[in-house]
Every structure is written in structure tokens, then in C-alpha cells.
Amino acid sequence: MHRASYIFLVIISFLLVASCSQPKPQVFSDHFFTFGTDISVSIFTHDKEMAIKGFSAIRSEFNQLNRKLHPWNPGELNSLNRAIAESENIEISPLLIELIHAGQKFNTQSAGLFDPAIGSLVKLWKFDQSANIHTSIPSDSEITNITSQRPSIANVVIDPNGYAHCENNLVRLDFGGFAKGYATDKAIKILKDIGIDNAIVNAGGDLKSIGNKNGAPWMVGIRNPFSAGAVASVAINSELSVFTSGNYERFFKKDGTTFHHIIDPETGFPTTLMASVTVIHDSGILADAAATAIFVAGPNRWQQIAKSLGVNKVMLITSEKEIILTPEMDKQITILDSTLKKTIKEIN
Ligand code: AMP
Ligand code: MG
């Protein structure tokens, strides 16, 4: 045989053997429960061992974060809340310092509407507990006792030695508005660090993804606040987070009125004008905080808050069944429910 043909044959046989010994890439999935919700992780790879390593690292990270950041169960954040109630100084971990600083930034950018110091109101409305224990709504005086002191994350001061102090002892930190965003950012970083390029981490409908699934985008649905199923679908094939705040997540009904878990720190009452808000951004923590902040801002103030937070892919669904989309969001998603009135609005 001619020498060149021989070499060519050897190379082809080598490639054939290599491709047969390499398992076909596929989606590996893991599911577990933490942060009060179902977490599902999907990884597209040919390397099953690597996927298993990713699953176990994410499980351990989420479980740790849930323990450390739970406002009411024993853990770091709970210890800080107790110290604040007693007007004591307490040394806090770099994790809490990072989240308090992030919370303070989002609080300023949202003109105080996003406030992770909302815990006293969350407790007063019993949203720290299961929905079926509600027998009455708080009285006006119980609410104004808190709102008149305006507990805010801006009241928390951290000294250069890592000690936290807070003059306002009605501050109770509750990171429910952005902890899942922080956790999904961490999860995706963990996966990238171990060499995984294609994955999606979904925390009860809020998610972050990287890469794609065999060249096809990851497809995700956004829940319809008015009926079963999805109101919209999003195709993503890059590093992106999709976060939704909805009035259907945690609520109770009293005398025909529905009260849900997102509270306006100014009035002390759950907001009433919004059904859901979705924000898409590379950063999970920002998308999560912005969805909550814009939910509180509502249809009249959302543009100013979105601009100041630096997000432009925003979808609002009002209680009046109107969908408001920014042009950037309109390009990214497909609306599936044609019964809702759709309006495109620029942020500026
Ligand atoms: P999300 O589902 O991300 O909108 O977060 C809702 C959770 O954030 C609630 O269950 C509370 O723990 C907390 N929360 C409620 N109101 C606010 C607010 N105005 N700012 C920040 N966090 C809030
Ligand atoms: Mg949020």
C-alpha cells in the first residue's frame, strides 16, 4: 500500500476507535429539596463521573447556604438577627458580609423597595410559617409600629474587623428575595470550575444556565399566574439567569382578599398591582433582587427602578392581566398565552 494511504487508514481507524470508546453525550439530572423548593440540576456531558461530582458539590453548597442563611432556624443569619434584637455587636462571616453589602446596594438602587431587612414584617404577616395558619391579618397599629421605625438593611453597619452592629432593633434580615439568585450563581461557578460547560440549575422555576443541550438551547417555561401551565417560554444558549417573583408563590386568602409574601416596606402591606415579574440577566443575584424590587415598584414605578438596578430584560404581568415587556425581553421570549393584552414599553 502507498505510504500516505497507510497513514490515512491508521488515522481513520484511530478516530473510529476513539469515537467508539467515548460515550455519547447526554443529559444527566439530579433533584433535591432545599430553600423550601425543588432544585433540579441538568448537565449535558459525555462524562458521567464529572456530572456526579457536579451534583454532589451543588447539593452540599445549597444545603450549607440554606442552613447558614435561614432567618428563623438556627444558623449564622439567625444568630445575627438575635444579636440585632438584643442590640449586641456580633462577628459575622465573609458570606454574610458579602450578602449584606449586596443587599445594601440593591436597597439603594431600588429606592428602598427591595429591603432584606423586611423580616419583622414577614413574621408579623406569618409568611415565615405555613400558609394555612393565617386566621387574621395584622392590625394597622401592629404594622405602623414597624413601618414608623422603617427597619432597613441600610441600618446595618459592619466594622473593619467584621463585626456587625445595628441601631434599629426591628431589623430582621431575611434574604428570601435574593438568596436563590446567589445560590444559582455559586452553583454555575462550581460546575464551570470542574469543567462543565453545559448545564442548567433550576430552583423552583428560577434558574441559571450555561451553554446548551447538544447545540439546542435550554428551553424553560415561565409560570402563568392566572392558570395552569406556562405564560411564556425562553430559549437560552448562553450564561443567563431567569428569575420570577409571583403572587402565587406564598399567599393566603382572608375575607375574599388575597395577601401574598412580597411586602412593600413603605406601607407594610403586600403589594396588590402585580401578578408576576420576570427578569433575565447574566447575574442570578441581580435578576432575583430585581424581580422582587420591580414587583414592589409595580406598573407605575418599574421603569425607574429597573434602570437604576441596571436590568433591561423585564416582563411584568399585572393583576389586570396585562403583559408589559421591554423590547429586549420581547426579543428573548415567546408569549404562549394570547388572552393577555401585550404592551411593549422602553425603560427610558
Ligand atoms: P422572591 O420570590 O424572590 O420575590 O422573594 C420573596 C421573598 O423575599 C419573601 O418571601 C420574603 O422573604 C422576601 N421579601 C418580601 N418582601 C421583600 C422586599 N420588599 N424586599 C426584599 N425582600 C422581600
Ligand atoms: Mg427575588
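Ser233 sits in strand β9, which spans residues 230-236, in what is a predicted model. Ser233 counts as buried, because its relative accessibility of 16% falls under the 20% limit.

**Around Ser233**
- Apart from neighbours within four places in sequence, Ser233 is in contact with Met219, Val220 and Gly221, and also with Ile333, Thr334 and Leu336.

**The magnesium ion (ligand 2)**
- The magnesium ion (ligand 2) is coordinated at 2.0 to 2.4 Å by Gly177 (O), by Asp288 through both O and OD, and by Thr292 (OG1).
- Along the chain, these donors follow the spacing G-x110-D-x3-T.

- Nine strands make up an open sheet of mixed pairing, in the order β1-β2-β6-β7-β10-β13-β14-β15-β17.
- The edges are held by β1 (26-34) and β17 (341-344), each of which has a single partner strand, so one side of each is left without a neighbour in the sheet.
- From one strand to the next, the twist averages 10°.
- Strands β2 (residues 37-45) and β6 (residues 199-203) pair in the antiparallel sense over five bridges, and Ser42 has Ile200 in β6 as its bridge partner.
- Helix α2 (residues 48-69) lies across β1, β2 and β6 and runs at about 20° to β1, whereas α8 packs on the sheet against strands including β7 (206-210) and β13 (274-281), its direction making about 130° with that of β13.

Definitions and conventions:
Residues are numbered from 1 along each chain as its sequence is written. Chains are lettered from A and ligands numbered from 1 in the order in which they are written. This is a predicted model: local features need pLDDT of at least 70, side-chain atom pairs count only at pLDDT 80 or more; totals for chains, interfaces and linings use all residues. Side-chain values use heavy atoms; hydrogens and water are left out. Donors are N, O and S atoms within 2.8 Å of the metal (3.2 Å for Na, K and Ca); water is not among the atoms, so sites may look incomplete. Helices (H or I, at least four residues) and strands (E, at least two) are DSSP runs, numbered from the N terminus. Buried means under 20% relative accessible area, exposed over 50%, partly exposed in between (1.4 Å probe, protein chains only). Contact means heavy atoms within 4.5 Å. Two strands pair if DSSP finds at least two bridges between them. Axes are lines fitted to C-alpha atoms, for helices over the stretch in contact, and angles run from 0 to 180 degrees between N-to-C directions.
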